[in-house]
Amino acid sequence: MAGESRKRKVGLLYDERMCKHDTPDGEDHPECPNRIKAIWEMLQRTGLAQRCVVLSGIKAEDKHLQLVHTKDHVNLVKRLSTKKKDSRRNKIASKLDSIYLNGGSSEAAYLAAGSVVEVAEKVAEGELDCGFAIVRPPGHHAEADEAMGFCLFNNVAVAASYLLNQRPDLGIKRILIVDWDVHHGNGTQKMFWKDPRVLVFSVHRHDGGSFYPRGDDGDYDKVGEGAGEGFNINVPWEQGRCGDADYFAVWDHILIPVTKEFNPDLILVSAGFDAAIGDPLGGCLVTPGGYSVMLQKLMEFAQGKIVMALEGGYRLDIVAESSVMCVQVLLEDDPFQSPVEEYTRDSTCTVIQAVRKKLCAYWPSLADEIQLKAEAPLPVKAPFPFAIFIYSKQQAERLRASLEEKAALQTKVAELQGEASEKLRLQVSLEKYAAEAKEAAEHLTQVSSELREVKIDLDFHRELFKKASEEKKLLEGELQKEASDKLRLRISRDRYAAEVKEAAEQLEKVRSELREVQIDLNLHRKLPKKAKKVK
Ligand SMILES: [Zn+2]
């Protein structure tokens with residue numbers, strides 16, 4: 001057929017600016033910038049990127065974000081970049097659950113949401129057949145009014161709401177969201193809780209409500225409300241170590257029959273790869289090939305209009321490998337032949353039966369097979385509706401063992417690589433340290449010689465000071481002596497003046513006495529003459 005030879009237009013969106021969102025203190029964190037870099041590098045290395053339409057990121061518009069988020073929440077994320085200090089952002093982050101923030105967080109969040117919108121719009125328009133938005137921070141935990149679980153904006157929910165509410169002209173009336181991230185997509189669930197236009201399907205670890213994001217929101221009895229009742233499907237694993245066969249069984253016996261009935265116009269995949277084997281957070285065993293089979297099964301629907309958006313996934317090599325295998329499915333390369341001979345676990349059969357029982361009121365196809373189910377619990381080797389996955393237990397054990405061995409080996413390799421790079425780092429820092437030490441020693445020598453010169457100067461000045469102070473003392477003595485001489489002189493002068501004055505007074509007194517005596521004398525001289533005359 002002519003249609004088959006037509007090359008599929010697969011969009012790939014990657015933008016380095018989304019790497020700017022990082023921990024403020026440079027501390028290691030599983031949700032790190034290298035996650036999207038690793039995917040992008042592997043897509044280029046394998047030549048797949050070159051076969052796709054490569055797009056750059058676009059920032060979301062506030063009015064589109066507000067289709068699912070409150071204005072306050074949008075403003076909070078928007079203003080993160082205007083805050084100059086990390087301490088203010090740290091304060092905001094500390095009030096949130098599992099969130100870190102830095103100066104690049106706002107831009108990255110706007111790009112992540114806007115980029116999923118961009119790819120979804122192009123697929124809805126028919127410009128692309130399907131696409132993969134390699135974005136971060138992830139989105140599915142983000143609630144209408146709150147960032148949480150490494151997520152700032154709910155990227156996938158924004159895109160779904162945008163197509164349904166802003167672009168009715170594109171004819172997208174029903175959207176299926178498949179969330180295969182190992183964590184429950186709590187934010188997405190709430191945003192479309194009452195909306196029958198969006199079927200939200202999430203398969204995730206629940207562990208009795210103890211697995212992140214914790215609580216009962218992810219349990220299978222949460223089916224939506226009002227007009228949206230029945231349009232929310234949760235498949236909760238009650239423990240880890242679920243693998244390809246468990247996921248395939250859920251696809252074949254829940255997701256695929258429901259998708260047939262729902263008949264979506266477009267499928268959005270919240271593609272977290274943290275249920276992958278070796279993931280440090282997920283504790284499950286899905287292989288890269290397993291993801292590609294899960295995607296392949298969805299390609300039958302919505303005319304293949306599928307948009308994948310990255311969510312979690314923290315084992316970088318497996319995340320990259322899984323992405324590559326999914327892009328091969330989008331490109332319609334030869335489908336991956338699953339080597340899985342693993343059997344579906346008893347607990348998986350139990351969950352599937354419970355979900356089907358709960359949902360069959362809304363999806364009649366789920367009721368059909370319920371009549372076929374045997375009494376639980378089923379023996380592993382018994383014929384079961386999922387018989388296709390039930391091979392010999394020995395084979396399955398061998399496969400599981402080899403998968404685990406592979407995971408252990410990969411962990412060991414990663415450890416060794418880490419050790420080697422640690423040694424290199426140590427050596428480099430040692431050399432740097434030695435150079436710094438040499439420089440410091442040279443500096444010390446220079447400083448000591450300067451110090452010696454300063455000391456000599458100091459001694460010289462001390463000597464000068466000593467001499468000067470001796471001279472000063474001498475001078476002071478002389479001055480003192482001079483002053484006391486002057487004082488003595490003045491005192492004797494005063495005394496002399498007083499004596500002179502006294503002498504002068506005495507002289508005057510003597511003179512006046514002398515005058516009187518003279519008068520007396522003259523009088524007595526005249527007396528004899530008078531007496532003669534009288535005679
Ligand atoms: Zn996750």
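1. Ground rules. You're looking at a predicted model, where local features need pLDDT of at least 70 and side-chain atom pairs count only at pLDDT 80 or more, while totals for chains, interfaces and linings use all residues. Residues are numbered from 1 along each chain as its sequence is written. Helices (H or I, at least four residues) and strands (E, at least two) are DSSP runs, numbered from the N terminus.

2. A bent helix. Go to α9, residues 244–262, and you'll find a kink of about 45 degrees centred on tryptophan 251. The bend at a residue is the angle between axes fitted to the seven residues ending there and the seven starting there. Of the 19 residues in α9, 14 are buried (20 or more other C-beta atoms within 10 Å of a residue's own; exposed is 12 or fewer, partly exposed is in between, and C-beta atoms are placed from the backbone). Just past α9 comes asparagine 263, with a positive phi of about 55 degrees.

3. Two packed helices. How do α2 and α11 pack? Helix α2 (residues 34–45) meets helix α11 (residues 316–330) at an angle of about 45 degrees, and their axes are 8 Å apart. Axes here are lines fitted to C-alpha atoms, for helices over the stretch in contact, and angles run from 0 to 180 degrees between N-to-C directions. So α2 is oblique to α11 (under 35 degrees is roughly parallel, over 145 roughly antiparallel, 65 to 115 roughly perpendicular, and the rest oblique).

4. Who touches whom. On the α2 side, the contact involves Asn34, Arg35, Ala38, Ile39, Met42 and Leu43; α11 brings Leu316, Val319, Ala320, Ser323, Val324 and Val327. Contact means C-beta atoms, placed from the backbone, within 7 Å. Nine of these residues are nonpolar, two polar and one charged (Ala, Val, Leu, Ile, Met, Phe, Trp, Tyr, Cys and Pro count as nonpolar, Asp, Glu, Lys and Arg as charged, and the others, Gly among them, as polar).

5. Cis bonds. Most peptide bonds are trans. Still, the bond from arginine 136 to proline 137 is cis, with omega near 0 degrees. Proline 137 sits in the loop between β3 (130–133) and α7 (155–166). Tyrosine 212 and proline 213 are also joined by a cis bond, with omega about 5 degrees.

6. Positive phi. Arginine 214, in the loop between β5 and β6, has a positive phi of about 65 degrees. Arginine 241, in the loop between β6 and α9, has a positive phi near 65 degrees.

How values were computed. Contact = placed C-beta atoms within 7 Å.
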